[in-house]
Amino acid sequence: MNRAIVKLSSGYDMPLFGLGTCQIKESDIIYKVIDEALRLGYRLIDTASSYRNEQHIGNALKDLLPKHGLKRSDIFITSKLAPKEQGTEPAYAACMQSLQRLQTDYLDLYLIHWPGKQKLKPDDCGNAEARRQSWLSCERLHKEGKVRSIGVSNYTVKHLDEMLGYATICPAVLQVEYHPYLVQKDLLSWCNLHNTHLQAYSSLGRTHLLSDKDVIDVAKRLERKPSQVLLRWGLQQNIGVIPKTQILERLAENAALWDFELTTKDMERLSQLHRNTKFCWDPSGIA
């Protein structure tokens with residue numbers, strides 16, 4: 001596998017391509033998926049406190065890294081702060097718990113998963129204070145070496161601009177839903193301006209885009225799968241992708257992205273599919 005990387009503003013390298021683990025909770029499935037992923041060359045694993053699989057991932061890596069001749073430093077682990085964990089001390093404690101469950105001394109990347117705090121209404125101004133406190137705790141974790149890079153997920157431009165008023169470290173990564181039906185140009189522009197890497201989740205639009213006529217047409221011409229075309233569309237914009245699957249055969253399919261390219265016309269054709277469709281969550285209403 002081609003191990004394309006991006007240099008983050010923190011100075012650390014992050015693979016552009018990795019393994020998403022959302023909704024993969026069973027320990028035996030986690031083990032099999034990570035085993036095959038490492039064999040295929042995957043080197044980034046994305047998890048979160050709210051996924052409830054950190055312990056299983058930590059257990060698997062403890063066994064599988066030696067099996068594949070790898071060290072902890074050979075892989076990139078991302079985890080995320082849950083909405084219920086927002087706040088100064090809760091955020092710090094939550095990260096320490098993630099480290100313990102993942103059985104590692106440091107995280108490569110730690111993200112605030114959502115701009116709101118659990119149990120607060122979307123329009124409650126307490127959301128802004130909670131994420132401010134959480135970010136300052138993330139900065140503390142970074143300075144202490146427990147987290148190498150810090151970032152945010154599901155933030156809007158409003159939330160990002162607000163951060164500039166209190167952050168001493170600009171987020172290294174913004175992870176958001178991003179695919180041809182949701183081409184978030186404003187976020188990509190913000191990231192480019194502030195040296196923040198944009199990483200996409202739900203690159204296939206929760207499989208809805210796999211049946212899109214234009215996606216299928218491009219895939220047929222290139223003799224590729226629609227999923228590969230969609231993932232490649234992100235990579236050619238230097239946008240990270242982290243597709244998830246529990247099907248071992250699809251791990252190889254998802255990773256076969258480096259021996260073909262989309263033409264400029266292909267890229268434009270897919271980008272013109274934008275219709276502001278969110279298949280996951282909409283953070284625009286969070287104060």
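This is a predicted model: local features need pLDDT of at least 70, side-chain atom pairs count only at pLDDT 80 or more; totals for chains, interfaces and linings use all residues.
**Entry 1: helix α8**

I looked up helix α8, which covers residues 226-235. Is this helix enclosed or open to the outside? I found that nine of its 10 residues are buried, so the helix is largely enclosed by the rest of the structure. I used the cut-off for buried, which is under 20% relative accessible area. I wrote down the buried residues: S227, Q228, V229, L230, L231, R232, W233, G234 and L235.

Next I asked which elements the buried residues of α8 pack against.

**Entry 2: salt bridges**

I then turned to charged side chains. Side chains of opposite charge can pair when their charged atoms come close. How many salt bridges does the structure hold? I noted 17, and I followed up some of them below.

**Entry 3: D13 and K7**

I looked at D13, whose side chain meets that of K7 in a salt bridge, at 3.1 Å from N to O. K7 is exposed, with a relative accessible area of 55%. D13 is partly exposed, at 37%.

**Entry 4: E129 and R132**

I looked up E129 and found a salt bridge with R132, where the closest N and O atoms are 2.8 Å apart. Where do E129 and R132 lie? I placed both in helix α4, residues 126-143, three residues apart, which is about one turn of the helix. I recorded E129 as partly exposed, with a relative accessible area of 34%. R132 is partly exposed too, at 29%.

**Entry 5: R269 and D217**

I looked at R269, which forms a salt bridge with D217, the closest N and O atoms being 3.0 Å apart. R269 lies in helix α10 and D217 in helix α7, so the pair ties together parts that are 52 residues apart in sequence.

R269 counts as partly exposed at 30% relative accessibility, and D217 is partly exposed at 27%.

Which residues are linked in a network of salt bridges with R269 and D217? I found K213 and D214.

How values were computed:
Residues are numbered from 1 along each chain as its sequence is written. Side-chain values use heavy atoms; hydrogens and water are left out. Buried means under 20% relative accessible area, exposed over 50%, partly exposed in between (1.4 Å probe, protein chains only). Helices (H or I, at least four residues) and strands (E, at least two) are DSSP runs, numbered from the N terminus. Contact means heavy atoms within 4.5 Å. A salt bridge is a side-chain nitrogen of Lys or Arg within 4 Å of a carboxyl oxygen of Asp or Glu.
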